Every structure is written in C-alpha cells, then in structure tokens.
Amino acid sequence: MDSADRRADVVVVGAGPAGSSAAWHLARAGLDVVVLEKARFPREKVCGDGLTPRGVKALADMGVDTAGWVRHRGLRVTGGGQVIEVDWPRLDSWPAHSLVCNRRDLDARLAAHAGAAGARVLQEVTVTGPLLDDAGRVAGVQALVGPGREPATWRAPLVVSAEGLSGRLGKALGLVRREDRPLGVAVRRYVRSPRTDDDYLDISFDLSAAGPSADSMPGYGWAFGMGDGTTNIGFGLLDRRRGTGAEPRVVLREWLATLPAEWQFGEEHAVTPLRGAGLPMALHRQPAYSRGLLMAGDAAGTVNPFNGEGISYAMETGRMAAEAAAEALARPEGPAREAALRRYPDRLREEYGRHHRLGTAFLALLGRPGLVRFATAHGLTRPAMVHAALRLMGNLSDGRDGDRFDRAVAVLTRLAPAV
C-alpha cells in the first residue's frame with residue numbers, strides 16, 4: 001500500500017455498528033472513505049445481541065437484509081414476583097418487532113455492507129493516535145498494521161472515531177469522559193438451552209430470591225434466545241456510581257441460581273466464557289466534534305441510560321456523523337465547513353439529550369430497591385402502565401403526531417434540560 005492509498009476524504013476508526021454505519025452513509029454520498037478496524041472478523045463483542053425496533057429501523061434504512069434473522073414480538077418482564085408479556089408498540093415510526101443477531105455475525109455483516117457500498121474496510125489496523133497539522137487540527141491517524149505491527153499513517157481532512165468506550169483519539173484531544181455521567185457495566189455468556197426459541201426477550205428485575213435488593217441494584221438480568229440452540233444470558237448494572245460494590249458476575253450467578261434448572265442457564269451449560277464490558281451513557285464525552293474529529297456511538301457515550309441499549313444509537317449517530325461530514329466537505333475549507341461540523345454535537349443533544357436526562361433520573365430511582373420492589377409488584381399488574389414504560393424506556397414514539405401518550409412524553413422531554 002503506497003502513500004496514495006493512505007489518503008481518503010474521511011477516515012473512520014472502528015468497524016462496529018457506529019463505524020460501519022458512518023462508512024456506509026459516507027460511501028453512498030460519494031465520498032472516499034477508509035475504515036480501520038483493529039481486529040479481524042469475526043471477533044467477540046460483549047452485548048445482549050438484541051436489536052430493538054430502533055435498531056431494526058436503522059438496519060432497514062441502510063438496506064441490510066435481515067431475512068431469516070430471529071424475531072421477537074416483545075418483552076417478558078419479571079419483577080416483584082410478577083411476570084408479564086408485553087408486545088412492542090405498533091407505531092407509525094418504528095417496526096413492531098425486535099431482532100437478535102450474534103455480534104460476531106452482526107459486526108462482520110455491517111462491515112461487509114459498508115464495503116459493498118464502496119468503503120475500504122481494512123482489518124488488523126490499530127490506530128494509536130491522531131495525526132495533527134501545524135494548527136493542531138486532526139489531519140489523519142497514525143497506526144500499526146498487521147501482525148508485524150508496522151507503523152503507517154492515513155491522511156484525511158476528517159476523522160470519525162467509532163472506537164468505543166476506550167477510544168484513543170478523543171482522549172488525545174483532551175475529550176475525556178465526564179465523571180458525573182452514568183457508566184454502566186454488562187456481563188454475558190452463551191449457554192446451550194432449550195429456551196433458545198422464544199417469542200419474547202426475557203428481562204428480570206428480581207435478581208435474588210427476595211427480588212430487588214440493596215446488593216444487586218440498579219440493574220436487570222436478561223435471557224435472549226438466539227434461535228440456534230443457545231441463549232445469551234447476562235446482567236447489566238446501569239450505573240456503577242450507584243452500585244453497592246457488588247461484583248456483577250456474582251450478581252449474575254446468584255440470579256441464575258433462582259431460575260429453574262431445566263432452563264439450563266447454569267455454568268455447566270456454558271458454551272463461552274463470561275465476559276464484561278462498559279456501557280457509556282448520557283453523551284458522556286463532549287463535545288462530539290473537535291478540530292476535525294467526530295465521535296459516534298460508544299465513543300460519544302450514546303448508550304440509552306434507561307435500558308443500556310447501544311446498537312441502535314451507534315448506527316444512528318454513525319449516520320448523523322456521516323451527514324455532518326458530507327455537508328462539511330461539500331463546502332470550502334474554512335469557517336463555512338467548520339460551522340457545519342460544529343452543528344453535529346448540537347444535533348446529538350437535540351436528538352438524545354433530554355431523553356438521556358430523563359434516563360439518568362430513572363437510574364436514581366433504580367438505585368432504591370424498596371421503590372423498585374413496589375413499582376414492579378404493582379406496576380406489572382397493569383399492562384397499560386407496562387406498555388407505556390416500554391415505550392418511554394425504549395425511546396419509541398411517534399412524537400407530536402402520535403397518541404396521547406406520545407404527546408405527553410413530548411411535553412415531558414421538552415421540559416427536561418438536555419445533558
């Protein structure tokens with residue numbers, strides 16, 4: 001690869017959902033885009049593997065073929081000794097089903113989809129830092145290539161960081177994570193289980209025989225049937241700042257011990273090790289644009305504080321970063337281009353900031369086990385209330401054009417300050 005091959009209109013770092021989405025939209029806009037991925041596909045990624053209706057729509061908007069993927073019609077929620085099955089809402093703006101896809105497969109498919117649109121996807125390229133020009137602006141990236149870790153440089157007027165929580169580019173520009181924003185953690189494994197085929201995704205707030213307890217909250221357990229003989233089981237601690245010091249792996253083990261043995265969720269049925277990862281929430285690294293660098297997905301902290309959902313927001317912010325980059329590069333270099341780029345953080349705050357503020361307040365309530373026990377024991381007996389909560393937590397609304405609940409949520413979010 002000569003120096004000419006190491007130039008592009010945009011360099012995207014990371015080929016997860018955010019990076020592949022950005023690359024696909026950039027390539028479709030006619031731009032020369034190169035994606036640098038440090039691993040080689042297929043690779044592991046800690047995740048629940050569930051794609052909510054938001055994620056399903058993002059895939060459809062990119063023309064990803066999801067025929068044959070496992071569908072689920074809603075959630076089965078356990079809490080306060082109650083169990084209820086609630087279908088995804090039927091709205092004009094969103095599909096009425098969710099999907100599951102192992103992230104080993106999903107990320108590889110999305111990267112290939114970006115490549116088919118014209119993006120150059122390069123694997124085993126570890127980006128070590130930004131390349132800065134004399135004015136301190138990002139003009140590309142420095143990297144190590146292949147098993148031999150040969151140094152290399154890629155140059156581009158714009159770089160999109162889709163590196164995830166531990167991305168180096170934002171940190172190099174002084175864009176550090178805000179400690180006052182929630183940071184969750186998730187652990188998961190796959191087990192061989194007869195519950196692999198199920199119309200519903202299981203969510204449990206009863207993580208011990210006594211239900212929600214001071215030692216296990218705030219968080220929830222999940223069991224998502226993969227349809228291939230396995231089930232993804234895990235536990236999400238949604239805000240470590242409000243934790244009690246309980247080890248998430250211990251909480252998961254204690255929760256699984258309360259479930260029927262015939263479900264085969266125990267360690268003896270595991271087909272993968274237990275793995276963990278962070279959940280960066282509430283736009284925790286700001287601004288999402290600085291000096292030629294745009295951040296998307298986990299790098300910008302776009303995970304939904306209500307439920308720990310990140311895939312859909314990764315794809316959405318990848319698209320928005322691509323749209324900002326395409327608009328900017330259509331303008332001459334200088335103030336006009338910079339003005340287009342600086343609108344990107346404002347757009348993220350407009351799209352997610354108020355909902356994330358509500359989600360952060362929700363996490364504070366989750367940190368009170370007595371309140372959670374009361375709310376689940378009484379709320380789960382009222383299907384309409386559960387349905388409304390599902391729409392709010394999943395950020396699923398038709399907005400002002402929707403029903404009475406949508407209009408109430410629209411008012412509520414307008415009143416909330418953006419994070």
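**Figure 1. Helix 2 and the glycine after it.** Gly 63 follows helix 2 and has a positive phi, near 70°. Helices here are DSSP runs of H or I with at least four residues, strands are runs of E with at least two, and both are numbered from the N terminus. The model is predicted: local features need pLDDT of at least 70, side-chain atom pairs count only at pLDDT 80 or more, and totals for chains, interfaces and linings use all residues. Residues are numbered from 1 along each chain as its sequence is written, and side-chain values use heavy atoms, with hydrogens and water left out. Helix 2 has these buried residues: Pro 53, Arg 54, Gly 55, Val 56, Ala 58 and Leu 59. Buried means under 20% relative accessible area, exposed means over 50%, and partly exposed lies in between (1.4 Å probe, protein chains only). The buried residues of helix 2 pack against strand 3 (50-51), strand 7 (98-100), helix 3 (103-116), helix 6 and helix 7. Contact means heavy atoms within 4.5 Å.

**Figure 2. The second largest pocket.** This pocket holds about 780 Å³ of space. Of its 32 lining residues, Arg 54, Trp 94, Glu 350, Glu 351 and Asn 395 are the closest to the centre. On a 1 Å grid over the protein atoms alone, a pocket is an open set of points with protein on both sides within 12 Å along at least five of seven lines; a cavity is a set where a 1.4 Å probe fits but cannot get out; lining residues have an atom within 4 Å of a point. Grid points are joined across faces, edges and corners, and a volume is the space filled by probe spheres set on the points. Six helices each supply at least two lining residues: helix 1 (17-28), helix 2 (53-61), helix 6 (311-329), helix 7 (335-366), helix 9 (383-393) and helix 10 (404-415). The lining of the second largest pocket has 14 charged, 11 nonpolar and 7 polar residues. Ala, Val, Leu, Ile, Met, Phe, Trp, Tyr, Cys and Pro count as nonpolar; Asp, Glu, Lys and Arg as charged; the others, Gly among them, as polar.

**Figure 3. Two residues with positive phi.** Most residues other than glycine have a negative phi. Asn 395 is not a glycine, yet its phi is positive, about 55°. Asn 395 sits in the loop between helix 9 and helix 10. Asn 395 counts as buried because its relative accessibility is 16%. Arg 149, also not a glycine, has a positive phi of about 55°. Its loop runs between strand 10 (138-145) and strand 11 (150-155). Arg 149 is partly exposed, with a relative accessible area of 43%.

**Figure 4. Two cis peptide bonds.** Most peptide bonds are trans. The bond from Phe 41 to Pro 42 is cis, with omega near -5°. Pro 42 is in the loop between strand 2 (33-37) and strand 3. Gln 286 and Pro 287 are also joined by a cis peptide bond, with omega about -5°. Pro 287 is in the loop between strand 17 (275-280) and strand 18 (289-290).

**Figure 5. Surroundings of Val 160.** Val 160 belongs to strand 12 (residues 158-161). Val 160 is buried, with a relative accessible area of 0%. Neighbours within four places in sequence aside, Val 160 is in contact with Val 10, Val 11, Val 12, Val 13, Ala 22, Leu 294, Ala 296 and Ala 321. From Val 160 to Arg 414 the C-alpha distance is 30 Å, and the two are 254 residues apart in sequence. UniProt, in an unreviewed entry, lists residues 8-179 as "domain: FAD-binding". UniProt positions follow the numbering used here, feature names are shortened, and annotations may be inferred rather than shown by experiment. Residues 8-179 are 23% helix and 34% strand, with the end C-alpha atoms 35 Å apart.

**Figure 6. The cavity.** A search of the whole structure finds 1 cavity of 30 Å³ or more. The largest cavity has a volume of about 40 Å³. Its lining consists of Arg 195, Asp 198, Tyr 200, Asp 202, Ala 223, Phe 224, Gly 225, Thr 231 and Phe 265. Strand 14 (200-204) and strand 15 (219-225) each supply at least two of the lining residues. Strand 15 gives the most, with 3 residues. By class, this lining has 4 nonpolar, 3 charged and 2 polar residues.

**Figure 7. Cys 47 and Cys 101.** The structure has 0 disulfides, a disulfide being a pair of cysteine sulfur atoms within 2.5 Å. The closest cysteine sulfur to that of Cys 47 is in Cys 101, 10 Å away, too far for a bond. Cys 47 counts as buried at 14% relative accessibility. Cys 101 is buried too, with a relative accessible area of 7%.
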